[in-house]
Amino acid sequence: MKNVSQCEVLIIGGGAAGLMCAAVAAARGRNTVVLERSKKPGRKILMSGGGRCNFTNMYIEPDNYVSNNPHFCKSALSRYTQWDFIALVSRYGLEYHEKTLGQLFCDHSAKDILAILEQECEAHGASLETECEIHRITPQNDTGFIVESSDRRWQCESLVLATGGLSIPSMGATGFGYDVAKQFGHSLTARVAALVPFTVDETTLALCQSLSGVSLPARVSCESQHFSESILFTHKGLSGPAILQISNYWDPGKAVHIDLLPTLQIADYLHQQRSEKNNSLLGNVLAQHLPKRFVQALLTDATFGPEIENRPVTQLSDDTIGLIEARVHRWSVVPKGTEGWRTAEVTRGGVNVDEVSSKTFESRKQPGLYFIGEVLDVTGWLGGFNFQWAWSSAWCAGQYV
Ligand SMILES: Cc1cc2nc3c(=O)[nH]c(=O)nc-3n(C[C@H](O)[C@H](O)[C@H](O)COP(=O)(O)OP(=O)(O)OC[C@H]3O[C@@H](n4cnc5c(N)ncnc54)[C@H](O)[C@@H]3O)c2cc1C
């Protein structure tokens, strides 16, 4: 006979959302337990932002999120904002800085964010059980649930699924939250790896490999969405912030358009240089605005003919300038795919938000069941937006569980 433990709120998943929700529920006086499958909680927090955790963004807007229902995130983001989370970490004296575009990072270590969440849980009496594998969840006839692991049973009133997404399976990611959602009659939207580098066809791959390590500011677009940030050529394909951002909006078969010099119209510039009788060599002129290795790769393209790099700008034909313009400003790539779950930062898609209350995060299918964080079909941009979704959804659910 397994031991039976009672609690009011049982949270499955001790990541960003689970720990936040536990602290908030416990602060309301709810007897709260978090069950975490891994040896340690918050592993994605620790690996985030290159070890410094980009914990929120100063410019959070609902438009920074992708979901089948783009209105769903609005309520939570407005009730628990980035400023609320900043106020929380500031009470603990966290030192942080803005890196770029409103992205806030810890000055020292992502460990500081995890420590704050753990201290909040401890201060309010929420407890955490690690290395806990759950086998069965059974709703009770009146209210609540029985949750069983190999050696324990928990009886709880409210059950919160905070199991995150599928990215980085080696960090403890599982599809458990989705399975539980299905068990209770929820539908799921398609789940795909997002905030993830692209893989490319053989010809583009050869170019990417020859430029591996080169990074340059670009404007990357897919259909009506665009981002102006850096791209990075890698030995596997295309990466860098602008590529990761656009991957949230990309589906197989869609073309991605890349302007590799968004701050200067290269054709106008070359025409002007030619009319001013600039005798400098094309390769040198382009290298003033683009990385040298990129210029070399661009100009070794057979369509330009031999020795184009060493041709004086005064000798360029209109056709050649037009060709350079197309290559620099209108590069179009149809990615072969993405690098997948191993490197993706997040999962796009998840538990259908139309079946969850945007106010309480309670299931519309099963009273007492809640979904928060990345397990839901809400995916943020790169730049602290996903953690803010974890904090906001967790805080809101924490008011009602
Ligand atoms: C490499 C990397 C870097 C990132 N950097 C940033 C960043 O800087 N800024 C940002 O905003 N976002 C970042 N993200 C995204 C961010 O980490 C997630 O969106 C966020 O952690 C989601 O919070 P969550 O609580 O929903 O899920 P998670 O934090 O993933 O937590 C889920 C927890 O549930 C546990 N779990 C899973 N299945 C079970 C089960 N069956 N039983 C019990 N426990 C289970 C997991 O072990 C995990 O601890 C990054 C992601 C990655 C992978």
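User: Which residues come nearest to the ligand?

Analyst: The model is predicted. There are 32 residues around the ligand, and those that come nearest are Ala17, Glu36, Thr174, Glu374 and Phe387.

User: What does the side chain of glutamate 374 contribute?

Analyst: An N or O atom in the side chain of glutamate 374 is 2.8 Å from an oxygen atom of the ligand.

User: And which backbone atoms lie by a nitrogen atom of the ligand?

Analyst: For arginine 37, a backbone N or O atom lies 3.1 Å from a nitrogen atom of the ligand. For asparagine 54, a backbone N or O atom lies 2.9 Å from a nitrogen atom of the ligand.

User: How much of the ligand does the protein bury?

Analyst: The protein buries 94% of the 1,000 Å² that the ligand exposes when taken alone.

User: Which elements give two or more residues to that shell?

Analyst: They are helix H1 (16–27), helix H2 (43–47) and helix H13 (385–398). H13 supplies the largest share of the shell around the ligand, namely four residues.

User: What is the make-up of the shell by class?

Analyst: The shell around the ligand has 14 polar, 13 nonpolar and five charged residues.

User: Changing topic: what volume does the second largest pocket have?

Analyst: Its volume is about 360 Å³. The second largest pocket is lined by 15 residues, and the closest to its centre are Leu207, Ala297, Asp301, Arg327 and Trp331.

User: Which helices give two or more residues to that lining?

Analyst: Helix H7 (202–210), helix H11 (292–299) and helix H12 (318–329) each give two or more residues to the lining of the second largest pocket. H7 gives the most, with five residues.

User: How do the lining residues divide by class?

Analyst: The lining of the second largest pocket has eight nonpolar, four polar and three charged residues.

User: Now the aromatics. How many aromatic pairs are there?

Analyst: The count comes to 17 aromatic pairs. One of them joins phenylalanine 145 and phenylalanine 184, whose ring centres are 5.9 Å apart.

User: Why is that pair edge-to-face?

Analyst: The planes of the two rings stand at 85 degrees, and planes over 60 degrees apart count as edge-to-face. The pair is therefore edge-to-face.

User: Where do the two phenylalanines lie?

Analyst: Phenylalanine 145 lies in strand S9 (residues 145–149), whereas phenylalanine 184 lies in the loop between helix H6 (176–183) and strand S11 (192–194). The pair therefore ties together parts that are 39 residues apart in sequence.

Definitions and conventions: Residues numbered from 1 in each chain as written. Predicted model: local features only at pLDDT ≥ 70, side-chain atom pairs only at ≥ 80, totals over all residues. Heavy atoms only, no water. Near = heavy atom within 4 Å. Polar contact = N/O pair within 3.5 Å; in protein donor to acceptor, adjacent residues only side chain to side chain. Areas by Shrake-Rupley, 256 points an atom, 1.4 Å probe, with all protein chains shown as cover. Nonpolar A, V, L, I, M, F, W, Y, C, P; charged D, E, K, R; others polar. 1 Å grid on protein atoms, 1.4 Å probe; cavity = no way out; pocket = protein on both sides within 12 Å on 5 of 7 lines; lining within 4 Å. Points joined across faces, edges and corners; volume = space filled by probe spheres on them. Phe/Tyr/Trp six-rings, centres within 6.5 Å; stacked < 30°, edge-to-face > 60°.
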